[in-house]
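Me: I would like a close look at one chain of this model and at how it meets its partner. Please keep to what can be computed from the atoms.

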Amino acid sequence: VAYVVYLDRQVTHQFEGRRWTLPAQVYAAPLELYAGLPLTPGELERELQRLHYQRVDRGDAPGTYRVSSERFEVMLRPARFEDETRPATRLLISVNAAGVQSLRDAAGGDVAVLRLEPLLIGSIFPIHGEDRIVVTPAEVPPLLPKALIAVEDRNFETHHGVDPLAVLRAMWVNLRAGQIEQGGSTLTQQLVRSYFLNSRQTYSRKLREAFMAMALEARFAKDDLMNAYINEIFLGQDGTRAIHGFGLASQFYFGKPLAELDTSQVALLVAVVRGPSYYDPRRHPDRARTRRDLVLKEMAEQGAISAAEASTAAQRPLGVTARPSGAYYPAYLDFVRRTLHRDYKDEDLTQAGLRIYTSLEPRAQEEAEHALEHELARLDRVHKQPHGRLEGAVVVTAPQSGDVIAIVGGRDVGYDGFDRALDAHRSLGSLVKPFIYLTALESGRYNAATVVQDVPVDVKLANGSHWRPENFTHEVSGPVPVVRALSESLNLATVGVGLDVGLAKIAATLQRFGLTQPPVQVPAMLLGAVDLAPIEAAQLFNGLANGGFRNPLRAVRAVISQDGKTVKAFPLTVTPVAAPAAVYQVDRMLVHVMDHGTGRAGRTLLPPQLVVAGKSGTSSDYRDSWFAGFSGGHLVVVWVGYDDDQPTGFTGSAGALPVWAHIMAGLGTTSWNTTMPDSLAEVQIEYPTGLRGAPGCAEDLVAVAVPAGVELPAKPGCNLQ
Amino acid sequence: MSWRITLVAVGAAFLAACASGPPVHGPPPLPSGGESPAGTARPAPSVPAQPAQPAAPPAPAYTPPPKQFHLGAPATALVQQAHAQAKSGDFGQVSATVERALRIEPDNPLLWIELGRMRLGGGDAQQADAMGRKALSLASGDGAAQASAWRLIADALQAQGRNGEAADAARHAASLAPQFSRG
């Protein structure tokens, strides 16, 4: 008796005190819709389908949309954003190939701007791996409890926790079948087992389970027990992540809220209860389908649905998504987790039901993933390398805000392991050069047209040895203007400028732009002997793309508590780190990299009118292939190389550039068109000589920005006024 | 107080925006110091007439083409929403709403000024200063926007007790757009 009292206490106490450990839910940035947004009907439909909206012909259930010629009528689901909660909303979108034309609400009124709901991209679950989305009874389709009762526990409404008749029936069925086909456990017993016990089946454990189930039944209403069951039960495994509860299972298998499931989908989830691994609808679709149809049959027999409904539902395909959703972006989630670990303990993230709003843009993320996978496979073929060894990483930001919108950590984009974007610290190579020239321009002694000497350099080092760098071509170009030295990434000219300006000043520039560790001030620093992860390279280039302002790169916008309060915001911050005019001059030169220099090969992959600025980087012996560059709205940094630091045999232009250009082209970005600061003037100079010229009297002219009032030597014979 | 100033600064933009519809999209011209996509040249908005400052502005070395930044319809709606939220005093929400607008028009100096004003109202004078400077870097050619940016910088410096620099910034503002300066 004492033991029974003890069990009763334990069960009651735990059930009442039970707070599901609620993993933090992580959301992507919502898509902002407004008239003028360059989004085609096809792209809009893709965005809706990413959120698992269903195209229908009639009806107005949330989560559906209708299309007639260029009009989309979308029944938006209720949505929670970082700053507001929105009820289900009907939205009329007029859209054509030129983009979104207008938005109207149900009453026909103009809507200036409206967001789609944010895509759930993952959750931060504890080490033991239980992930779940808790649903309230209102969010459960009424058919689900009926189906569970019909299939798992026919006497649920009347029994007291155990059902001896069900046990006998199960024994009889199993005896006849010669194998275990039915369990006699009630839903309450299953709940107890999942809550308190491990699944080892012994008679003493069975007895304890029965007592605990009866204790629960004595103290709690059937509805509470049913809701607990719906949120508790194990329904699948995704790597180390255990899928618990029907709320998450619905997202995991169908990518949409539980409330939107149809009869066949409810039946499939109920089918999976019996054996989430054996009836896994992705791995064993035939088994899952047979069991689902059996469930439908039993539902009809028990009167939960009509026979006609059951046979219609049995005609439906399984309807599970190809990949587990929320679409799984491990490298990005890795960055989110690291950001949050600065402020939060593990328990807060895995138990407190926080909602994390991030800057991830699924469209950009998918472009980046696709371009990296595709181009690395091509490089394997072209260079006759065994498939799959070459690696890469990508970071994409929105430079003005510092939002990190995409991260790819390797060519196996779904692999949650070594995240090269954050952890592969690789030699920066020539990506350092824009910062050398920026420092030179800031000194006031250089501009884009200044002629510098690309000639052999011999530096005696402190240890007595000599440093004799070379150009990649092993040739020298002699006197060249700065714009050409940077565009063609001439090592010798750059080393000359760097030594003249001073290593300390250049190191300081890099630190102003966000380098956290002071670089070792040796001459080799001028050729990029600085090891950085792609995300750190992106931090540096973000300052160039943002006109001399540094924003800490951020993935997380806000952390919201379960009850909707902002727990922590990560507001936009900017810090001026260089004169906008100096940065503008460098950026203009980086545009020439794309037209005349090492970025030229990428030009053919880009829309012809798109103005972009960029810089290639190749470390010694071709170990690292980098390309970093930006448009008006995006910064993309790409690294390609081998994990074991073996030479790849190609430069930044051959390896990383095509990946970069494919991403840039796919982003649908706008041109770099920063307004020239008032203190500068635009002049035409000859690209080979740096002499001022004009069409008709000079060759190979390029436009550069120089400080207003600077007198440049003119090409003889040019009459310039 | 800062809210009233913001409304004055951005009010002109609203007028322009209401008349102009959505921002212009499409391939912009090659960079040549020209217009920003949202910065189509417009006639100067009607501003309440104020007595001109006695001090004449110094002649600039380079005369940029006249330009008037304005906000597109979506950004205007969001800024209006932010102002409504500001009345309830939730700076987190206000800030998030203006950031939404900035994601749509990241190169619009008026939005940076708006966000800077909000930072100042929230007590972050350093960020207000930085955002003023960011706005300034985007406002080439638009005297009124530059004046608003300088005024924000001046207020931000003053809030940090850097009175000398604040006075310099205020003089910059006055010299650029006398009609926008305070009495």
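In chain B, among contacts between residues at least 6 apart in sequence, what percentage joins residues at least 24 apart? Please go on from there to the side of chain B that touches chain A, and to the salt bridges of B:Arg103.

Reply: The model is predicted, so local features need pLDDT of at least 70 and side-chain atom pairs count only at pLDDT 80 or more, while totals for chains, interfaces and linings use all residues. Residues are numbered from 1 along each chain as its sequence is written, chains are lettered from A and ligands numbered from 1 in the order in which they are written, and side-chain values use heavy atoms, with hydrogens and water left out.

The percentage is 68%, for contacts in chain B between residues at least 6 apart in sequence; contact means heavy atoms within 4.5 Å. Chain B has seven helices and zero strands, and its elements from the N terminus on read α-α-α-α-α-α-α. Helices here are DSSP runs of H or I with at least four residues, strands are runs of E with at least two, and both are numbered from the N terminus. Of the 183 residues in chain B, 51% are buried (buried is under 20% relative accessible area, exposed over 50%, partly exposed in between, with a 1.4 Å probe and protein chains only). The chain exposes about 7900 Å², and 60% of that is supplied by carbon and sulfur atoms; accessible areas come from the Shrake-Rupley method with a 1.4 Å probe, and for residues only the protein chains shown count as cover.

Next, the interface. Chain B puts 42 residues into the contact and chain A puts in 35. Together the two chains bury about 3300 Å², of which 57% is on carbon and sulfur atoms; buried area is the accessible area (1.4 Å probe) that two parts lose on being put together, summed over both. Ten residue pairs are in polar contact across the interface, both residues at pLDDT 80 or more. A polar contact is a pair of N or O atoms within 3.5 Å; within protein, one must be able to donate a hydrogen and the other to accept it, and residues adjacent in sequence count only if both atoms are side-chain atoms.

On the chain B side, helices H2 (73-87), H3 (91-104), H4 (109-121) and H5 (125-138) each supply at least two residues that touch chain A. H3(B) gives the largest share, eight residues. By class, the residues of this side of chain B are 21 nonpolar, twelve polar and nine charged. Ala, Val, Leu, Ile, Met, Phe, Trp, Tyr, Cys and Pro count as nonpolar, Asp, Glu, Lys and Arg as charged, and the others, Gly among them, as polar.

Side chains of opposite charge can pair when their charged atoms come close. A salt bridge is a side-chain nitrogen of Lys or Arg within 4 Å of a carboxyl oxygen of Asp or Glu, and three are found between chain B and chain A. One of the salt bridges in the model joins B:Arg103 to A:Asp403, at 2.7 Å from N to O. B:Arg103 also forms a salt bridge with B:Glu99, where the closest N and O atoms are 3.5 Å apart. These two residues are separated by about one helical turn, because they sit four residues apart in helix H3 of chain B. B:Arg103 has a relative accessible area of 27% and is therefore partly exposed, whereas B:Glu99, at 6% relative accessibility, counts as buried.

For context, the count over all chains is 52 salt bridges. In chain A, A:Arg55 pairs with A:Glu45, the closest N and O atoms lying 3.0 Å apart. The two are ten residues apart, with A:Arg55 in strand E3 (residues 54-55) and A:Glu45 in helix H2 (residues 41-50) of chain A. A:Arg55 is partly exposed at 47% relative accessibility, and A:Glu45 is buried at 16%. A further salt bridge is formed by A:Arg316 and A:Asp262, with closest N and O atoms 3.4 Å apart. A:Arg316 lies in the loop between helices H11 (307-315) and H12 (330-341) of chain A and A:Asp262 in the loop between helices H8 (245-254) and H9 (263-273), so this pair ties together parts 54 residues apart in sequence. Both residues of this pair count as partly exposed, A:Arg316 at 38% relative accessibility and A:Asp262 at 25%.
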